Amino acid sequence: MSRLLLHKSVPLLKAALRPLADYALPPRCPGCGEIVDADHAFCLACWSGMRFLGEPCCARCGLPFEYDRGDGAECGACLADPPPYDSARAVLAYGDVARAVALRLKYGRRIGLSRLIAKQMARQVPAIGNAVIVPVPLHRWRLWWRGFNQSALIARHLARLTGLRADNHALLRIRRTQPLRGMTPKARARAVRGAFALSPGHELKGRAVLLIDDVHTSGATAAACARALKRGGAASVHLLCWARVLPDGGD
Ligand SMILES: [Zn+2]
Ligand SMILES: [Zn+2]
């Protein structure tokens with residue numbers, strides 16, 4: 001008798017809960033949290049506020065150019081003082097929406113956003129064969145405190161999307177670093193010097209590395225990672241980020 005009742009009540013219960021679940025979890029804009037039609041879709045206001053980066057740009061650091069300067073042209077900063085990475089690209093200029101998505105992933109624990117970010121980044125993967133995806137690592141204490149490394153989450157999705165291998169353990173942050181916010185470029189470079197090293201037994205010798213970070217600010221962190229990777233024998237290092245702070249302030 002009770003079994004019969006239970007069987008009957010399950011579909012009823014499901015039907016009763018469905019509208020509630022739908023109501024509790026409507027798709028929301030990853031930029032501002034507005035309710036939108038589909039999962040991981042930006043609302044119109046956020047969409048129109050995003051500045052996607054692409055060609056023409058500096059062949060090395062990806063700085064947008066006003067006009068096409070020809071294949072392989074580099075910006076003045078790269079010519080004067082070439083960064084240790086071979087190329088750097090980002091999906092978006094750092095602005096309100098790019099920042100909101102990055103902060104929601106990192107501090108709001110909306111880890112589902114790592115998939116959306118990886119999907120956008122997949123379009124910017126440079127044509128390099130035999131590459132290994134390596135995320136910018138967190139120090140183990142910070143990893144323990146936060147529970148996840150946002151760049152490693154992005155790297156995992158990117159590996160799935162591109163068929164490239166991700167290695168989350170090859171590059172280590174061996175020294176804790178202060179948050180770089182507010183520091184001058186020189187102070188940033190000093191703060192991250194010697195902070196990264198390759199783990200013993202890594203398999204990056206002779207390989208191209210696709211280095212993953214969420215936000216490219218001064219490039220100090222990426223440069224320190226690239227130096228460690230190249231010291232360890234990586235053939236080339238290509239930085240790929242969600243957003244890049246542009247010298248003019250972005251958006
Ligand atoms: Zn929005
Ligand atoms: Zn450049």
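Reply: K186, R190, R193, R227 and R231 form a positive surface patch. Patches are made of residues with over 30% relative accessible area and no salt bridge; like charges are joined within 9 Å, and nonpolar side chains (Val, Leu, Ile, Met, Phe, Trp, Tyr) within 5 Å. A salt bridge is a side-chain nitrogen of Lys or Arg within 4 Å of a carboxyl oxygen of Asp or Glu. Lys and Arg count as positive, Asp and Glu as negative; His and the chain ends are not counted. The place of a charge is NZ of Lys, CZ of Arg, CG of Asp or CD of Glu. Areas come from the Shrake-Rupley method with a 1.4 Å probe, and for residues only the protein chains shown count as cover.

This is a predicted model: local features need pLDDT of at least 70, side-chain atom pairs count only at pLDDT 80 or more, and totals for chains, interfaces and linings use all residues. Residues are numbered from 1 along each chain as its sequence is written, chains are lettered from A and ligands numbered from 1 in the order in which they are written, and side-chain values use heavy atoms, leaving out hydrogens and water.

Two elements, α8 (185-192) and α9 (220-231), each give two or more residues to the positive patch. Helices (H or I, at least four residues) and strands (E, at least two) are DSSP runs, numbered from the N terminus. R193 sits in the loop between α8 and β5 (196-198). R193 has a relative accessible area of 58%, so it is exposed. Exposed means over 50%, buried under 20%, and partly exposed in between (1.4 Å probe, protein chains only).

Now the aromatic rings. There are 2 aromatic pairs in the structure. Rings of Phe, Tyr and Trp (its six-membered ring) pair if their centres lie within 6.5 Å; planes under 30 degrees apart are stacked, over 60 edge-to-face, and the rest tilted. The ring centres of F42 and W47 are 6.3 Å apart and their planes are at 40 degrees, so this pair is tilted. For W47 and F52, the centres are 5.5 Å apart and the planes at 55 degrees, so that pair is tilted too. F42, W47 and F52 make one aromatic cluster. F42 is buried at 14%. W47 is partly exposed at 44%, and F52 is partly exposed at 36%.

Last, the backbone. The E55 to P56 peptide bond is cis, with omega near -5 degrees. P56 lies in the loop between α2 (44-49) and α3 (76-80).
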